[in-house]
Amino acid sequence: MDSLPALDPDASAEAIPGSAAAEAPTFLDRLFDAGLLVRTGVDGLYGRSGAFESVVDALDRLISRLGGEDGAEVMRFPPGMSRPAFERSGYLKGFPHLAGTVHSFCGNEADHARLLACVEAGTDWTEKQAATDIVLTPAACYPLYPTAAARGPLPEGGLLFDLQSYCFRHEPSLEPTRMQMFRMREYVRMGSPEEVLAFRELWLDRGTTMMAGLGLPLAVDLANDPFFGRAGKMLANNQRNQNLKFELNVPVNSVEKPTACLSFNYHQDHFGTTWGLTQADGNVAHTACVGFGLERITLALLRHHGLDLAQWPADVRSTLWG
Ligand code: ATP
Ligand code: ZN
Ligand code: MG
């Protein structure tokens with residue numbers, strides 16, 4: 001089998017121009033060559049083959065089986081969310097650099113003629129593009145909080161949701177694991193601090209067992225979100241000091257910079273306060289979510305088991321496809 005070169009700490013030599021290694025195809029090149037990912041001309045924006053999707057689908061089902069007994073309410077949102085809800089969520093405070101807004105043409109016929117002339121001339125045609133009521137969903141759970149809050153106080157024991165959405169983040173990269181549009185599967189727990197922290201513990205355990213069972217080397221580490229700017233440094237430190245975010249990392253692009261494939265997030269009362277979401281006893285609700293990067297886990301499997309799914313270890317194939 002045309003397997004990938006072993007992951008080694010010198011893999012970054014691939015990028016040094018003029019070095020012999022500069023000629024070696026990158027993991028992304030190999031994925032394109034194998035047809036697993038399809039070029040669009042934009043870094044981080046890819047089509048996927050049937051084989052790639054068969055892994056994504058199998059992971060989605062596996063994650064459903066893991067959470068199957070818990071009675072999570074399934075909800076699916078489109079990959080865009082309400083702009084007012086997005087603004088209120090606070091996302092722009094932390095991550096203005098990642099946000100994607102949907103704009104549409106809002107001009108008259110003369111503006112249309114100018115637009116076409118600009119397109120023809122290769123100059124900026126977006127003058128009459130105005131922000132719509134939709135922004136691209138940055139994480140699968142963002143549209144859920146206002147929806148849940150609109151139902152009124154949580155029932156006794158809180159709530160549990162099962163989500164999946166395409167997400168957008170403006171972080172173009174040549175690492176195949178850092179896409180601009182990707183799918184995130186999530187479970188979200190809302191309730192008391194004890195309830196949501198117990199949920200996070202449970203999924204730290206289940207997620208680790210799941211990934212180890214797929215034959216992937218992994219480490220769970222404390223993490224922080226990439227908050228913007230100088231104020232963001234403080235937010236990131238705060239998040240770490242309070243153990244709010246853990247990531248399950250797998251070496252995919254390199255050994256020294258492993259890739260977060262799952263994340264386990266405790267938001268404290270951030271979304272509860274933001275949306276006026278309360279527990280049955282009237283106290284503000286706490287929330288936590290576990291996020292599975294479906295493309296990232298697929299890429300980790302391809303990296304470690306090879307680009308030919310038929311050649312994957314039998315136990316991994318049987319876990320995924322029965
Ligand atoms: P990273 O630190 O690598 O940027 P993250 O902390 O931004 O990851 P989360 O915001 O916790 O990730 O998102 C939940 C999951 O979604 C991640 O664990 C990962 O599997 C996936 N994910 C996040 N960003 C991307 C991306 N750009 N491309 C593909 N998958 C992603
Ligand atoms: Zn979430
Ligand atoms: Mg990120």
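Asn 243 is placed in the loop between α8 (229-241) and β10, where helices (H or I, at least four residues) and strands (E, at least two) are DSSP runs numbered from the N terminus. The structure is a predicted model, in which local features need pLDDT of at least 70 and side-chain atom pairs count only at pLDDT 80 or more, while totals for chains, interfaces and linings use all residues. Residues are numbered from 1 along each chain as its sequence is written, chains are lettered from A and ligands numbered from 1 in the order in which they are written, and side-chain values use heavy atoms, with hydrogens and water left out.

Although Asn 243 is not a glycine, its phi is positive, at about 55°. With a relative accessibility of 38%, Asn 243 counts as partly exposed, a class that lies between buried (under 20% relative accessible area) and exposed (over 50%), as computed with a 1.4 Å probe and protein chains only. A positive phi, near 50°, is also found for Gln 268, a residue other than glycine, which is placed in strand β11 and is partly exposed at a relative accessible area of 25%. In the loop between β10 and β11 lies Ser 254, which counts as buried at 12% relative accessibility. A polar atom of the Ser 254 side chain lies 3.0 Å from the backbone nitrogen of Lys 257; a polar contact is here a pair of N or O atoms within 3.5 Å, and within protein one atom must be able to donate a hydrogen and the other to accept it, with residues adjacent in sequence counted only if both atoms are side-chain atoms.

The shell around ligand 1 receives at least two residues from each of β8 (181-191), β10 (245-250) and β11 (259-268), and its largest share, four residues, comes from β11. There are 16 residues around ligand 1, of which Arg 169, Glu 171, Met 179, Lys 245 and Ser 263 come nearest, a residue being near if one of its heavy atoms lies within 4 Å of the molecule. Divided by class, the shell holds six nonpolar, three polar and seven charged residues, where Ala, Val, Leu, Ile, Met, Phe, Trp, Tyr, Cys and Pro count as nonpolar, Asp, Glu, Lys and Arg as charged, and the others, Gly among them, as polar. A nitrogen atom of ligand 1 lies 2.8 Å from a backbone N or O atom of Met 179, an oxygen atom of ligand 1 is 2.9 Å from a side-chain N or O atom of Glu 247, and an oxygen atom of the ligand is 3.1 Å from a polar backbone atom of Ala 260. Of the 590 Å² of accessible area that ligand 1 has on its own, the protein covers 91%, with areas taken from the Shrake-Rupley method and a 1.4 Å probe.

Ligand 2, the zinc ion, is coordinated by Cys 141 (SG), Glu 186 (OE) and Cys 289 (SG) at 2.2 to 2.3 Å. Donors are N, O and S atoms within 2.8 Å of the metal (3.2 Å for Na, K and Ca), and sites may look incomplete because water is not among the atoms. The spacing of the donor residues in sequence is C-x44-E-x102-C. Distant parts of the chain are linked by the pair formed by Cys 141, in the loop between β6 (129-136) and α6 (144-150), and Cys 289, in strand β12 (residues 286-293), which are 148 residues apart. Cys 141 is buried at a relative accessible area of 3%, and Cys 289 is likewise buried, at 4%.

Helix α10 (residues 294-305) has twelve residues and reaches 16 Å from its first C-alpha to its last, close to the 16 Å expected at 1.5 Å a residue, the expected span being 1.5 Å times one less than the number of residues. Eleven of the twelve residues of α10 are buried, and the helix is thus mostly covered; among the buried residues are Glu 295, Arg 296, Arg 303 and His 305. Just after α10, Gly 306 adopts a positive phi of about 100°. The loop between α10 and α11 (314-321) contains Pro 313, which is partly exposed at a relative accessible area of 31%. Pro 313 lies 8.4 Å from Gly 215, C-alpha to C-alpha, although the two are 98 residues apart in sequence.
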